[in-house]
Amino acid sequence: MNSSKYDSFGERLFDVFNYLFLTLFALVTVLPFVYIIAGSFATEIELIQRKFFLFPRNPSLSAYQYIFSSDTLFRSIGNSVIITVFGTLTNLVFTLSMAYALSRRDLMGRNFVMNLVIFSMLFSGGMIPGYLVVKELGLLNTYGAVILPGAISAFNLIVIKNFFQNLPPGLEEAARIDGCSDIGVLWRIVLPLSKPIIATFGLFYAVGHWNNFFSAMMFLNDSKMWPLQVMLREIVMLSQVAVGDLSAFDPEFVEPPDQAVKMAVIVVGTVPILLVYPFLQKHFAKGVLLGSIKG
Amino acid sequence: MDTTINHQADMTDLDSRPSAALPKRRKSKWAKIKKDYWLYILLFPGLAYFIIFKYLPMWGIVIAFQDFSPFLGVLKSNWVGVKHFVNFFNNPDFVRLLRNTLILGFYDLVFFFPAPIIAALLLNEIRVGIFKRAVQTMIYVPHFISMVIVASMTYVFLTTNGGVVNEIIYELSGQRINFLADPAWFRPLIILQIMWKETGWGTIIFLAALASVDVEQYEAAIVDGASRFQRLWHITLPAISSTIVILLILRLGNFLDTGFEQIFLMTNSLNRSVADVFDTYVYQVGIRQGAFSYSTAVGLFKSVVGIILIYGSNYFAKKFGHEGII
């Protein structure tokens with residue numbers, strides 16, 4: 001679409017700068033991660049002398065040995081995994097069942113419920129009434145407090161509802177003629193047809209749970225229940241928690257530099273996201289664009 | 001077998017001739033609800049969720065007009081009218097919060113809002129597919145990284161205690177800059193963080209709009225002798241202008257929604273004077289200090305202004321001939 005033989009000198013110059021600029025943009029995005037990973041394997045001397053580097057010269061595992069020497073980090077990773085798994089399952093059950101019911105145009109009361117959902121996107125009770133509801137339900141200091149208040153994203157609900165509505169109606173009718181009930185149609189026809197969209201939104205919800213910081217900080221007072229994000233802040237930003245246990249090592253063990261320890265903790269928090277990133281990238285653009293369809 | 005036939009009959013009734021087939025309306029309503037009972041069972045958990053976690057808190061807003069005490073509950077607490085609102089507007093904190101919020105919102109609009117548009121336009125000019133895809137793959141990554149990690153990385157990079165940025169600055173100039181505690185650096189840091197995290201992701205929606213532009217338009221423009229910048233101005237930009245307007249409405253509607261988690265994470269005792277915004281104030285005063293009614297009033301003020309902004313910007317967008325969002 002941009003045929004080059006017509007380009008003037010100025011336009012070619014623009015191209016050169018454009019490639020340079022976008023390369024720089026990509027590097028600025030990626031290099032901080034590379035440096036954090038490299039630094040987590042570095043020794044004190046290397047961090048001080050070389051400052052910025054992308055490959056450590058004498059890679060050392062001591063920062064990782066140190067952060068995994070006590071159960072502080074293990075426990076918070078376990079908490080994050082529990083919250084992510086059960087949170088995502090809750091999200092999917094709540095969102096898919098409600099979306100399917102609302103996708104049926106003949107359902108009485110459908111418009112009323114849809115209006116309730118849409119209004120909740122425009123106006124909310126705010127932080128304090130929300131906190132008080134969770135407190136009154138007795139959910140403080142339980143995983144329920146970080147899972148249930150976000151069980152359905154109204155936005156995701158509407159996107160999935162629209163997707164269900166646009167499934168070919170013939171299959172559903174055929175199933176019904178064969179004696180399928182509503183729940184049978186959902187289970188045997190609609191959900192199998194919706195596997196890609198379920199995977200997409202499941203991943204979105206899961207990433208949200210893994211990354212969730214604020215509600216965990218607000219609702220979980222017991223540090224034994226903290227997920228990784230809350231623990232990460234305590235260790236890296238507030239320097240409040242000694243993540244490792246030096247008494248677990250030989251006297252000869254060289255204590256890893258403080259900076260390397262912090263970088264290693266950041267790597268632990270980032271790697272799971274980077275591992276699912278290829279899947280995210282495959283699906284996310286679809287998710288964003290689905291959302292832009294008005295319905 | 002019996003039910004199957006009934007179902008089929010119901011469906012044809014509903015689809016083609018609802019009123020003729022169902023003479024008694026009242027009876028038919030019950031019949032419909034009975035027929036759809038599985039659907040109502042499926043609807044129930046979600047509906048309960050919205051009522052408990054969305055609408056119950058909205059009802060809870062009444063405590064903004066009370067001296068709410070958790071022991072007495074909402075029904076027995078004393079009503080005090082708009083006392084908390086008056087207190088808030090007379091409090092010097094109000095001006096400080098409003099100022100901080102507006103300045104951050106303004107910076108966000110001026111520096112962050114155009115960034116994805118510019119990046120998408122630049123990406124759109126790239127002709128080498130593999131380069132374009134490689135850049136896209138890299139710049140989308142930070143969107144999925146948590147704010148805690150972004151803030152933690154900022155701390156590790158910028159600390160005066162061996163952070164790489166400060167070490168390099170020290171090497172060059174002989175002194176260190178306390179980015180994390182200096183109030184003058186707070187706003188630039190917030191904007192830079194959000195640009196780093198979300199610019200790439202923000203390009204997706206514009207690139208999709210650009211992909212739908214008919215190639216023939218460009219070809220015709222080339223035949224007519226239009227330069228690349230003329231093509232950009234007359235074809236590419238108009239193609240994304242409605243997307244820009246819609247996102248601008250959304251942004252103006254959320255003008256007061258400064259990234260709460262981000263600001264909370266980057267705030268410390270030294271930069272609090274420029275960092276406090278409505279949300280962090282509500283958290284601090286409400287949850288930390290237990291002033292539930294007062295902080296609910298502050299939150300309500302923010303929500304009401306927010307909804308006015310959404311409807312206001314929507315109204316103006318429609319007035320100027322664009323499609324609105326509501």
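**View 1. Crossing of helix 5 of chain A and helix 4 of chain B in the predicted model.** The axes of helix 5 (residues 110-122) of chain A and helix 4 (residues 37-60) of chain B come within 11 Å, and their crossing angle is roughly 40 degrees. Because of this angle, helix 5 of chain A is oblique to helix 4 of chain B. The crossing of helix 5 of chain A and helix 4 of chain B is left-handed.

**View 2. Residues that form the contact of helix 5 of chain A with helix 4 of chain B.** Helix 5 of chain A contributes Val113(A), Leu116(A), Val117(A) and Ser120(A). From helix 4 of chain B come Leu43(B), Leu47(B), Phe50(B) and Lys54(B). By class, the residues of this contact comprise 6 nonpolar, 1 polar and 1 charged.

**View 3. The side of chain A that touches chain B.** In the predicted model, 78 residues of chain A are in contact with 78 residues of chain B. Helix 14 (residues 258-291) of chain A supplies the largest share of the side of chain A that touches chain B, namely 13 residues. That side of chain A has 49 nonpolar, 20 polar and 9 charged residues.

**View 4. Helix 13 of chain B and the residue Gly225(B).** Helix 13 spans residues 215-223 of chain B and is hardly covered. Among the 9 residues of helix 13 of chain B, the count of buried residues is 0. Just after helix 13 of chain B, Gly225(B) adopts a positive phi of about 85 degrees.

How values were computed: Residues numbered from 1 in each chain as written. Chains lettered and ligands numbered in written order. Predicted model: local features only at pLDDT ≥ 70, side-chain atom pairs only at ≥ 80, totals over all residues. Buried ≥ 20, exposed ≤ 12 C-beta atoms within 10 Å, placed from the backbone. Helix = DSSP H or I, 4+ residues; strand = E, 2+ residues; numbered from the N terminus. Axes fitted to C-alpha atoms, helices over the stretch in contact; angles between N-to-C directions. Parallel < 35°, antiparallel > 145°, perpendicular 65-115°, else oblique. Left-handed = near helix turned anticlockwise from the far one by under 90°. Contact = placed C-beta atoms within 7 Å. Nonpolar A, V, L, I, M, F, W, Y, C, P; charged D, E, K, R; others polar.
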